Each structure stands twice: as C-alpha cells, then as structure tokens.
Amino acid sequence: MAAQAAAREAPNRPMVPITYYLLLAAALFCMGMFGVLVRRNALVIFMCVELMLNAANLTFVAFARMRGDDLGHVSAFFVIAVAAAEAAIGLAIVIAVFRSRGSVLVEDIRTMKH
Amino acid sequence: MNIELILFGAFALLTLLSAGTVIFARSPINSAMALVSTFFFLAGIYVLLWAHTVAVMQVLVYAGAIMVLFLFVIMLLNLGESPTRGKPTVARIAGGAATVGLFAALAIILLKIPAAPATLSTDAQASFGTIATLGQVIFTQWLLPFEAVSLLLLVAMVGAVVVAKSRI
Amino acid sequence: MTLVEFFRAAPVAPDILAPSLWLIIALPLLGALICGVFGKMMGRANVQLVACAAVAGSFVLSLLAFWASSHHNPDTGRLAAIYPNPFGIERDFVRYALAYDYGTWFSVGDFRVNFGLMVDHLSGILLLIITGVGFLIHLYSTSYMEHDAAYWRFFAYLNLFVAAMLTLVLADNLVLLFVGWEGVGMASYLLIGFWYDDPAKAWAGRKAFVTNRIGDFAFLIATFLLVLLVSAFTQQSNAADYNTAGTTVNHYTAALEKKGPVTFKGLEKLAEGLVDGNADKVDLSTPIEAGPLEGYTFGGVMTAAMLLFLLGAAGKSAQLPLYVWLPDAMAGPTPVSALIHAATMVTAGVYLFSRMSALLVLSPTAMATIAIIGALTSLLAALIAFAQDDIKKVLAYSTVSQLGIMFMGVGMGIFWAAVFHLMTHAFFKACLFLGAGSVMHGNGDETDIKKLGGLRKEMPWTWATFLVATLAITGILPLSGFFSKDAILHGVHHNHLQGLEWVSSLVYYLGLLIAASTAFYMTRVYLLTFEGPRSKEARVAHAHESAWQMTLPLVVLAVLSVVAARYAFGINFFDMTSQPVLDNFLSPVFSATKRITDASTLVALDTSRPQVVPDYLKAWAVALAGGGAAAFLYLRYFPARVGRPDPAFIRAVRPLALNKFYVDELYELIVIRPVKFMSFLLFRVVDALIIDTVAVRGTAWVTARVGSALRYVQSGDAQAYAAVMAIALLGGVAYALIQVMQ
C-alpha cells in the first residue's frame, strides 16, 4: 500500500518498467512448465499448472497497467474463476485415478484402460 | 533506486524462490506450502501494478480456496515423499531443455519490446483497478461471460462430485 | 357400321381422359411397388390379385385412350381428340391423337425436356398389345408360377416391365422414350436372371444387359445428334424451310421453347423442313455451318443418327450384330419369354423406327441398311432354328427371325405392315411361347422336342392353340401371319430406295427364303411336339393339361391371331384394291412421312395391294413348300431311318446350325477375347500393379511404417505429449523471435 500511495503521489518519478513484470511472468510460466514436464506427481503437476496460470494473470495485469485500462483485470478475474473450476475437476480426477490405480504418478497412468 | 523497484525486486525474488520450491520439493506438502507463498508474493506484485482487486482475489481464491483443496487432497490420499526418484526420460530432458529455450526466447523478445506503465490522470489513478470500477465493467460489459463462468463453476462442482465419488 | 365408325364415339371424352394418361403407367408401377415391398407379407393370392388388377386397370384405361384417340364430336362431326402439342397445328394434320403435357421434366441451359404423354394410333395399338397380352400373361403366370417361392418378386418385376414398356410407347419425346427403353432393359435383365441361383441363368441376364447397353449407348449418341441437328436447323433455316414444314419460324421456335428439341412431333417438323423445296435454304445436302457438327451435311448427320438408332434398335430388338442375347434370354420363366422376348420389348426397335419414320425416310442409306440387316438376321436365325431341339430356343430364334422381317418392312418404308406384323406376331408368338410353357408345365419342365411327342391327345387345348399359332406364323391362308408377312414382302418388293434399287429385289428374295424356312422349322417343332408317338425318353408318362388360367390366354391369343387378319383387308372388304384397314388406320401417324416421301425422290413408296394371283399364291406355295418339306422329313423320312446314320448332307449341315453357326464363338474370338485381353492388361498393369500395389498397398505400407515408427511416440505418457507441446511452443516463439530480430 505504501508503494501504491507513493506511486500515486508522484506520477512522474521513474517507475519499474513493465518489461520487468513481463520477464517475471515469463520466468514463472517457464518454471511452471518445467514442473509440468519434469515432475511425476500428478498433484505437483497441477500445482505447476496453477503457476502457469498465475504467470498468465501476471501478464494480463502488467499489460493492463501498461495500457492504463482495467480490461486485463477482468481477464485475470475470469482466469482465476476458470482455474478454480479446473482445480476442482482436476483434483477429482486425481482422486478417481488414485482409487483405481493406487498411485498418482503419471508414469503409472499410461494406459487408457485398466 | 526507489522503493517501488526495491519492493518489486524483493517480491519477484521471493516469488521465483517459492516457485522453485514448488517444482523441486520432494514432498507434495512442501510444494503446496511453497505454492501458497508464491501466490502471496504474486499478490504483492499485483498491488505494485495497482491491481488491488485482483490481488485480493488472488489471496482469497488461490491462496485460500484452491490451496485448501490441494492440501485436502494430499491429506486425503495420504501422499508422502515419493520413495523413488523419477528416471530422467527422453521426454523429460527434452521438455526441460525446451522450457529453458522457451524462457531464453521469451526473454530476448520481451527485452526488445519497450514497455512503460501508462501515465494516468489523477481521476483515473483514483479509480484504476478498484473493485468499483471492475464491478461496473463486469456487470455491464462482461455480464454474459460472467454468467457463463458461474455456470462453469456449477458444472465443475457437479463434475467433481461425479468424478470423485466412488459410487453414485 | 365399320370399325372406324364404331371407334368414332368414345365412351370417355378425350379432354377428360388426356390429363389422366399418366395413370396408365402409374397403375402397374404401383402394382410393382406393392408386390415388391409388401408381396412377401401379403401372400400369394393377394400378390396375384394386385398384379393382375394393376395390368387390367391399365388395359381398361388404354382401351379408353385408344378409343378416345379416334373420337368424333357427335354434334360437330369433327375430330375431337385433343393434341395440345404446339407442333401439332399444321397444314393437313389430322388430330387422331390424345396427348397431355405435364410440364417441364428437366431443363439444362436451353435444352429442355417435357414430361409429355401421347396416344396416337400407333402407340394405341402398342398400348393394347402391352396391357392386353400383358394381362393374359399375368393371368397365365398365376398358374405357371404357382410353385415358385419368389412369386412376389416375379410379379413385381413383371409389373415393373409393363410400366416401363408403357412409358416407352406413351412418351412423346425421345428422352422419355429412353427412360422406358432402359426400364424394359432392366426389367428384362431382372426377369431373365429371375432364377439367379443358377449361374448360367444369371449369366444370361448379364449377357442381355451388356448387349443391350451397347445399343443404348448408340441410342444416346443418336439422340444428341438429333438435338444438334435441331439447333443447326433453327440457326440456318429461312422462311421457306418452315413453309415446307407447314409452319412458321415463330411458331416453330416458340414450340421448341415450350417443348424442347426432342419431341417426335418437333422432329417430324425438322424432317419436313429438310425436304428439298425450291426456295429452301436448308435441305439434306446443306452443310452445317457452326457447332460441333460443322462441315457435315444435314443428310449425312441424319444418316449417321439413323444408323446409330439402328444399332440401338438392334440391341433391343435382337438384330445382327446384337441378337445373341435373345436366345439365351430363354433362361427366364416362360411367361417372361412370351411377354418380353416375343410380344413387346423386342418390338421396341420396330416401334422406334415407326415413330421416327419421318426422319428415317430422309436417309435411303440407313433404310437399306436396316432392311438388309433385318433380312440377314432373319435368315440366319431361321437357319439356326432348323436344328435346335429346345422348344424355347426354336421359338427364340423364330422371334429373332420375325423381328428381322419387321425390320425389313421398316427398312423398306412399309411401316404399317411392319406394325401389323408386330401386332400379329405379338399374338401368335405369345401364344406359341405360352403353349410351350404349357407343354413344359405338363411334362415336368421338359424342353427337348425330341423327348416330347404325341401330346395332341393329352393336351388338347394346348395342341389346338399351338396349331393355330403355328399355322399363323407359317403363313397359311387365311390366318393373320400370312397377311402381315405378305404385306411386308409385297411392300419390300415394290418400294424403292433412290440409288439402292437392288436392295428391294435382294430383300424380297431373301424374304421368300425366310418364309419357307419359317414354315419348315415351325412345322418341325409342331410335329415333334404334338404328333407322332410319345417319346421313350419322356420325363412323365402322361402329360396333363394345364389349368384354365393357362389355357384361357392360349385360346384368346389363338383367336386373336386368326381375327387380326381382318386388318389386312381393304376398308371395303371385298375390294382387293382398297386401302387396308390398318394402313388407313395408321395413316395419321405416318402423315408427315407420306408428305416427305411425296415431296422428295428419296424413297418411292408403292400403295398397291397384293393380289391373289400371283402374290398370295406365291407366298402360299413357299409356305407349303417349307412346311411340306418338314412334314416329309419328320413324318416319313426320319422315322423310317431310325437306327441308321443320317445322310452325309445332313451330317455336314446339322452341326453348323446346331451350334448357331458359331456366332457366339465368333464373337468370343473377335470381341470378347480382345476385350478380355484388354481387361486383363488393365487389370494386371493398371489395376493390380499401379492402383493396388503402388497406390493402395503402397499408401497403406507407408502409413503402416510411419505408424509403427510413431508408435514409440505414442507411449501413453502424458508428459511426453506435453513435452511435444512444449517443443512446438518453443518453435512458435522461436519463429516470433526471428520475426522480431528482423
């Protein structure tokens, strides 16, 4: 809040370039993707997917700040809602898979049939 | 060196550290906890971007609801540390390499794009990213998608119950 | 009251009847649909009822239409038959016709075909034959097919055939006629191969179909030629041309606009316009100026079209070189042979040429070809019939032979006699076939005449009717066959084609030879089947006479083959020089033809009638000679020589005739083998090697190889898929990067 207040009070001061935020988002996205591709545990993979979604949100919000309108915020809002739904369904699937195979490791869940 | 840059650097560093913990922690519980902290630090970043409402929702929905769901599932399935380490398969190596390459490419592109925050008038500053502005836009211009999202959440709820239940 | 006067008061007025002409076709079609779809559930009796009723209903309508086509309004005393064909109003056109146009059937660009039906005196006669004889044969079939499990299929096909044949004769344009033409071909195929579980019979059906197809192709090309001729005529003609045709340019083009170029009436107008007049711009020797036929003369194209129609008609009517399918068509049930392969379908070629006589008389070359083809076919078939022992085969070759006689008549321009012979032939040949069927039915399906014999006492009705029909076809006075054949021979002798005068004599003397041959083989069949002692090889000891459903049609047909002779006599019965009844009756149909032959010198048509001395005596002597020779050989000569070898002459000739002069073998050698060889090449090189091996199997092989290579990628490992996505994403971003760098 302090930073925000400071920024608002002194709009002409040099500010953090949006590029930094975008770089942070890219890094976050790539880390999430790395986790998705490398981790075996389906739950952790889900967490990494959340990371990726957050990276996308960060990009939206950063661009909103750059353009000076709040459309990006609306998008982020929708992304959060979709992420919630995705997490609910995904975790339900993880539970179902764990029930039938006794494992949440993706390498154990290769076949489509029992 | 201003305070904003310092705050951004701190939050960004912490975010990346937490995210790294999410990826590399051996126990899912640790990953989950690291994810919570990632979400919190990200909320800070949002605040730096004047997106207060998104920051609050980030904390409420992500760090609150979604994380509880994760933890709940971890507890329910009684998942501990995996006894074996995963084999570095071709796919994993290739995927990891691709990710690193992707980041490099993105970084180069992003650094090429000059992007500065918009300069806003005082009125615009006062209303930018507030819940009032956002609410007005969502409930007028974006009403239909908003309702669709509510339907999506309903469907997800029903779906989750159907999928997760062992017997209906 | 003469026949003409009797027909002048129709019970149903033509303007009421004309819009319902479609019912004549629709009834049997509906019958076919019902029998074909529901036949199995309805049971035998119901199927028979539906099938017979459909044809009977059609017969009644045909009768009314036929009647109405000569209707006079009693108040005005004028002809009242309606003919709303825009071509129909002309100089001296007598409207002995009933027609209705149901509007556009289809139109492509400015080519247009209407769905128009027409009953004039020619198609009226055909209608009555088709539905009348058709009904008798349906009735006959109810008994003949009583033991066949697939009765419903049989009656459905039979009704379908009748519907198609009616379409053929009712059509007022070539395209609709072609629909019927193809329809009867298909029905014929279905019925020849009716017992399809016997490969030989199924094969016979295919042979008929393929042979017909060759003719149909020629038919189509000829139709296209006529369409082009019409358009060339409208482009090049001047007012004088239309005067010759008895119309005006506006009238003609308006009618073309309304009816399309392929109506028979329109083509008649074209033919009249092509006749040489004084101020005409277009006649037969005029070259066509534009279009695909540029440079050819009208007359040349007309000759080509007529020769192509001849090929088409030869396919359907079993003439050289396409007659080979008809004898094999006897594989079908006997009623089918009687209806389709004797009485109706095979006469389609004769009908076609009669219908287009106005065009035909423009081309003496085509006419001579038709006459010679007819004569040669007729003689060849008659000679083959000498040695056939299968009763149905004899009758089949006899049919080919009689059709040849009709073609002679058509070719020499004696159209009414050809139609007359068509009619009498329908009666006596149907009677003969049905008689043969009755014989087979009563003798355990025995068809070898050597193994029959002596049926005279055991099957009296069959015997009597068969005898009458045999006498009729043989040409014994005073049965109808004598008059129809003699009318043709007389006309052939006295009509002349310009520049081809020798054809008349050639065809005439061939005709006499054919008449003698006909008498010979028919007497032979009759004697071996009905006279003499019962053969020791007979399948059943005692034949039984058939049921009334079978004998009634026989009697009716036999009576018809006697009384039809009336149509050959003059309008004034005892005046041997007056115009024959049928000639007079058909004159409105051939009015355009007559105008053309009067105006041109291409064909000289003779109108004299055959006289008792010498024409009838000559014909009778010929018939008696043939019949007497057969009687001598088969009653005296061969029975006396039992056990001894035949004389050398017979031993030499007999196998030749028995093997049908090796025509099938000749076709095998010059047509089928090369085609098969070509097919074999195509099959081996194009199909087996290029298409199968390289294209089909090659594709499959490559796909399989690629697939098994890619199988390792499809591990089921979700992360591997995700890795691929990541790499693809990297690729996309790298592309964007390159764009940014530039």
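Three stretches of chain A carry the label "transmembrane region" in an unreviewed UniProt entry: residues 18–37, 44–64 and 76–98. The model examined here is predicted. In it, residues 18–37 of chain A are 100% helix and 0% strand. The end C-alpha atoms of that stretch lie 28 Å apart. Residues 44–64 of chain A are likewise 100% helix and 0% strand. Here the end C-alpha atoms are 30 Å apart.

Helix 2 of chain A has 21 residues, and at 1.5 Å a residue it should span 30 Å. Its end C-alpha atoms are 30 Å apart, which agrees with that expectation. Of the 21 residues of helix 2 of chain A, 17 are buried, so this helix is largely enclosed by the rest of the structure.

Chain A also meets chain B. The contact draws 69 residues from chain A and 79 residues from chain B. By class, the side of chain A that touches chain B holds 53 nonpolar, seven polar and nine charged residues.

Chain B itself has seven helices and zero strands. Its pattern along the sequence reads α-α-α-α-α-α-α. Chain B has 168 residues, of which 30% count as buried. Among contacts in chain B with a separation of 6 or more, 55% join residues 24 or more positions apart.

Chain B is in contact with chain C as well. There, 14 residues of chain C touch 13 residues of chain B. The chain C side of this contact divides into twelve nonpolar residues, one polar and one charged.

Within chain C, helix 18 (residues 391–411) and helix 19 (residues 415–442) form a pair. Their axes come within 9 Å and cross at roughly 175°. Helix 18 of chain C is therefore roughly antiparallel to helix 19 of chain C. Residues of helix 18 of chain C that make the contact include Ile391(C), Leu395(C), Ile405(C) and Met406(C). Helix 19 of chain C contributes residues including Phe415(C), Leu422(C), Leu432(C) and Phe433(C). Lys392(C) of helix 18 and Lys429(C) of helix 19 are also among the contacting residues. By class, the contact between these two helices of chain C has 13 nonpolar, five polar and two charged residues.

Key. Residues are numbered from 1 along each chain as its sequence is written. Chains are lettered from A and ligands numbered from 1 in the order in which they are written. This is a predicted model: local features need pLDDT of at least 70, side-chain atom pairs count only at pLDDT 80 or more; totals for chains, interfaces and linings use all residues. Two residues are in contact if their C-beta atoms, placed from the backbone, lie within 7 Å. Ala, Val, Leu, Ile, Met, Phe, Trp, Tyr, Cys and Pro count as nonpolar, Asp, Glu, Lys and Arg as charged, and the others, Gly among them, as polar. UniProt positions are given in the numbering used here, feature names are shortened, and annotations may be inferred rather than shown by experiment. Helices (H or I, at least four residues) and strands (E, at least two) are DSSP runs, numbered from the N terminus. The expected span of a helix is 1.5 Å times one less than its number of residues. A residue is buried if 20 or more other C-beta atoms lie within 10 Å of its own, exposed if 12 or fewer, and partly exposed in between; C-beta atoms are placed from the backbone. Axes are lines fitted to C-alpha atoms, for helices over the stretch in contact, and angles run from 0 to 180 degrees between N-to-C directions. Angles under 35 degrees count as roughly parallel, over 145 as roughly antiparallel, 65 to 115 as roughly perpendicular and the rest as oblique.
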